[in-house]
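Thanks for coming, everyone. Please have the sequence and the model open while I talk. I'll start with the backbone, then turn to the pockets and the ligand.

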Amino acid sequence: MWHGEWDVRWLDEVSSTNDYLREQARQGAPEGLVVVADHQTAGRGRLERRWESPPGSNLLASVLLRPACPAEDLHLCAAAVALAGADACREVAGVEPQLKWPNDLLVGEAKVAGVLAEAEFDGDRPVAVVVGIGLNVAWPGPAGAGGTCLDDLRGDAPPVDRRALLDRLLEALARRRDLLDDAGGRRTLAGEMRRRCVTLGQEVRVVLAREEITGVATEVDDAGRLVVETASGPRRLTAGDVVHLRRWTP
Ligand code: BT5
């Protein structure tokens with residue numbers, strides 16, 4: 001169990017909680033700083049995509065971590081936050097999301113949350129990781145994007161309190177935080193991801209920077225990479241390789 005303190009700053013409005021926290025990280029802010037915003041004017045997804053959310057509707061939060069974790073394993077920081085987000089959904093809302101590798105929380109086929117991890121480096125050495133999560137509470141995302149939100153999933157049950165959700169997420173992250181510091185712990189995280197990963201067993205089409213592959217997702221390996229069996233053999237994918245990963249029924 002991590003014994004550091006979370007220092008939560010809840011802002012009315014910010015461009016992006018990830019941008020805010022990366023700037024704080026560059027200025028030397030300590031691990032444990034958490035920024036939450038009621039509204040983002042430039043919320044970001046991966047690869048310059050936008051993350052949208054009307055003011056006050058959803059949980060938009062970023063966490064500053066400074067783990068002793070080599071660059072090639074940094075995606076497990078995103079996994080730790082995704083797993084913590086799933087725990088919080090279960091404990092606070094009674095909703096049990098699955099992980100879509102590498103960074104989405106799904107309920108059925110619908111996306112309830114997305115995670116964006118970004119690192120600051122000193123030369124080759126990562127010195128800070130900012131992990132942002134957009135968790136849909138009262139608004140399911142833009143029309144046509146295939147999203148859902150906790151309040152819709154709960155039907156007539158009372159609306160979910162964003163503060164309670166954040167508190168449980170941070171508790172669940174504190175339980176996993178030390179796992180990031182050593183290889184054995186990171187294997188444990190990869191194993192947890194494997195057990196909760198809905199992508200396994202699916203036919204997938206993966207868009208990479210320079211090619212597209214299709215195959216069956218067979219494994220999340222000990223490093224957290226997705227193994228896809230293609231016609232020309234297995235491919236191991238890291239989160240950074242993937243532009244799109246879609247379920248694919250030929
Ligand atoms: C993600 O990107 O899923 C990562 C999203 C991370 C957002 C958080 S919010 C706090 C922190 N600060 C930031 O600036 N970002 C992080 P990606 O897989 O690229 O998905 C983006 C796509 O999801 C968009 O192109 C839309 O199609 C769709 N989308 C946008 N807003 C959505 C929402 N609220 N719910 C569901 N889908 C959404």
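L47 sits in the loop between β2 (33-40) and β3. Its phi is near 50 degrees, a positive value in a residue other than glycine. E48 belongs to the loop between β2 and β3 as well. Phi of E48 is near 65 degrees, again positive and again not in a glycine. A word on element names: helices (H or I, at least four residues) and strands (E, at least two) are DSSP runs, numbered from the N terminus.

This is a predicted model, where local features need pLDDT of at least 70 and side-chain atom pairs count only at pLDDT 80 or more, while totals for chains, interfaces and linings use all residues. Residues are numbered from 1 along each chain as its sequence is written, and side-chain values use heavy atoms, with hydrogens and water left out.

One more backbone point. The peptide bond from W101 to P102 is cis, with omega near 0 degrees. P102 is in the loop between β4 (98-100) and β5. Why flag these spots? Because most residues other than glycine have a negative phi, and most peptide bonds are trans.

Now the pockets. On a 1 Å grid over the protein atoms alone, a pocket is an open set of points where a 1.4 Å probe fits, with protein on both sides within 12 Å along at least five of seven lines; lining residues have an atom within 4 Å of a point. Grid points are joined across faces, edges and corners, and a volume is the space filled by probe spheres set on the points.

The largest pocket holds about 1000 Å³ of space. Its lining has 45 residues, and W51, K100, D104, K111 and A145 are the closest to its centre. Elements giving two or more residues to this lining include α1 (17-26), β3 (59-65) and β7 (125-135). Which element gives the most? That is β12, with 6 residues. By class, this lining has 17 nonpolar, 17 polar and 11 charged residues. Here Ala, Val, Leu, Ile, Met, Phe, Trp, Tyr, Cys and Pro count as nonpolar, Asp, Glu, Lys and Arg as charged, and the others, Gly among them, as polar.

Where does the ligand sit? It sits in the largest pocket, meaning that more than half of its atoms lie within 2 Å of the pocket's grid points. Around the ligand are 29 residues; S16, R44, R49, K111 and N136 are the closest. A residue counts as near if one of its heavy atoms lies within 4 Å. β6 gives the most to this shell, with 4 residues. The shell has 10 nonpolar, 12 polar and 7 charged residues.

Next, individual atoms. A polar side-chain atom of T17 lies 3.0 Å from a nitrogen atom of the ligand. R49 has a side-chain N or O atom 2.7 Å from an oxygen atom of the ligand. E52 uses its backbone: an N or O atom there lies 2.8 Å from a ligand nitrogen atom. Alone, the ligand exposes 800 Å², and the protein buries 91% of that. Those areas come from the Shrake-Rupley method with a 1.4 Å probe.

Last, the second largest pocket. It holds about 540 Å³ of space. Its lining has 25 residues, with R46, H75, A117, A239 and G240 nearest its centre. β6 gives the most to this lining, with 5 residues. The classes are 14 nonpolar, 6 polar and 5 charged.

Notes
A polar contact is a pair of N or O atoms within 3.5 Å; within protein, one must be able to donate a hydrogen and the other to accept it, and residues adjacent in sequence count only if both atoms are side-chain atoms.
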